[in-house]
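How many salt bridges does a search of the whole structure find?

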Amino acid sequence: MPAGHVVKPLRIWLVGFGTVGRWVTRALDSQRERLAGKYGIGVTVVGLASARDGFIYDGTGLDIQSALSLASEGRSIAGQPGVRRWASTIEGLRATEADLLVEVTASPSADGEPGVAHIREALGRQIPVVTSNKWPVALRGVEFSELARSHGVAFRAESTVMSGTPVLSTLVDGLAGAVPIGFRGLLNATANFILSRMAEGTSYEDALVEAQMAGLAERNPAADVEGHDAVAKVMILSALVFARQLRREQVDCRGITHIARTEMDQAASAGARLKHVATLEFSEPDGAGNVTARVEPELLPGNDPLTNIEGTTNAVICRAEPIGAVTITGPGAGPQLAGQGVFSDLIAIARSYTDN
């Protein structure tokens, strides 16, 4: 590191110590010198939480390697000496201090809790937030954006749509000044993988098993194959790109579970493809007017830009004035990609943090 190089400390709460949380933790630990040398930040995880073990805190910095070892052995992360512990994460957040919240829990669709409470707590105290937690952002994205803006801090959620592929930052920051009109896209990697395999002749049942064996689909795949995950992403894009909060019932949804083999064959014979397409349109630019929002199987002609998006690749085509159609494609699934999205958001906030 160059002589005289100033490294600014950045204290982090990391809430959620599942697969994504552990990936981010390892990245923070392994890239400590790079973060200091390239971005001028010295990252210290002072708070760590899991659903099972509650919230632990050490203002001088937690032993990350110890926490990872304890978690991998199935032991409590609270087993570290000298840490303070709260059974409830929100209690721990309220009782401690940090410079950034990384919220990577998995909150359910009913109310987005406890993620909503965690994010509100941080933003309300002028603490920036990075999250991969879909449903809190889907249900409260506009509220979070306004709360962050009113308190002069950042709120970033790149991993909530297309994992590590930079969709939100491209549409919000990269197209700043342009007026978004609407979008359509393929937003669920599991559904797209299954339909791609079915187009090759595989049955739905066998394609689903293949997706589960590859780690793309859960044992209960309903969120993916019934369209709920894509609905959340439509709501997130609406909130963060168009500043329009949708309710879940405003997004029409039909999954892929009832697509018959004959439908796939008929599509192929017509030179078309069945794809699970998410659509968001407003009757007026920039999220105004009446809304049309849906997630459903659609028969796409061969010349449609989404037709040849295969496997786990996702894509979004956003129309904005005066630019026209902007297409973003990239991988859309996997904990490493989600972790990378969180990590890039963290670095983006850290860079602005060191400028202040």
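The points below cover the count, then selected pairs and a network.

This is a predicted model: local features need pLDDT of at least 70, side-chain atom pairs count only at pLDDT 80 or more, and totals for chains, interfaces and linings use all residues. Residues are numbered from 1 along each chain as its sequence is written, and side-chain values use heavy atoms, leaving out hydrogens and water.

**Count**
- The whole structure holds 23 salt bridges (a side-chain nitrogen of Lys or Arg within 4 Å of a carboxyl oxygen of Asp or Glu).

**Helices 5 and 6**
- Arginine 120 and glutamate 143 form a salt bridge, at 2.6 Å from N to O.
- Arginine 120 sits in helix 5 (residues 115-124) and glutamate 143 in helix 6 (residues 134-150), so the pair ties together parts 23 residues apart in sequence.
- Helices (H or I, at least four residues) and strands (E, at least two) are DSSP runs, numbered from the N terminus.
- Arginine 120 is partly exposed at 33% relative accessibility.
- Partly exposed lies between buried (under 20% relative accessible area) and exposed (over 50%), with a 1.4 Å probe and protein chains only.
- Glutamate 143 is partly exposed too, at 27%.
- Glutamate 143 also bridges to arginine 140, with the closest N and O atoms 3.9 Å apart.
- Both lie in helix 6, 3 residues apart, about one turn of the helix.

**Strands 10 and 12**
- Arginine 319 pairs with glutamate 281 in a salt bridge; their closest N and O atoms are 2.5 Å apart.
- Arginine 319 belongs to strand 12 (residues 313-321) and glutamate 281 to strand 10 (residues 273-284), so the link joins parts 38 residues apart in sequence.

**Network**
- Salt bridges link Arg94, Glu97, Glu121 and Arg125 in a network.
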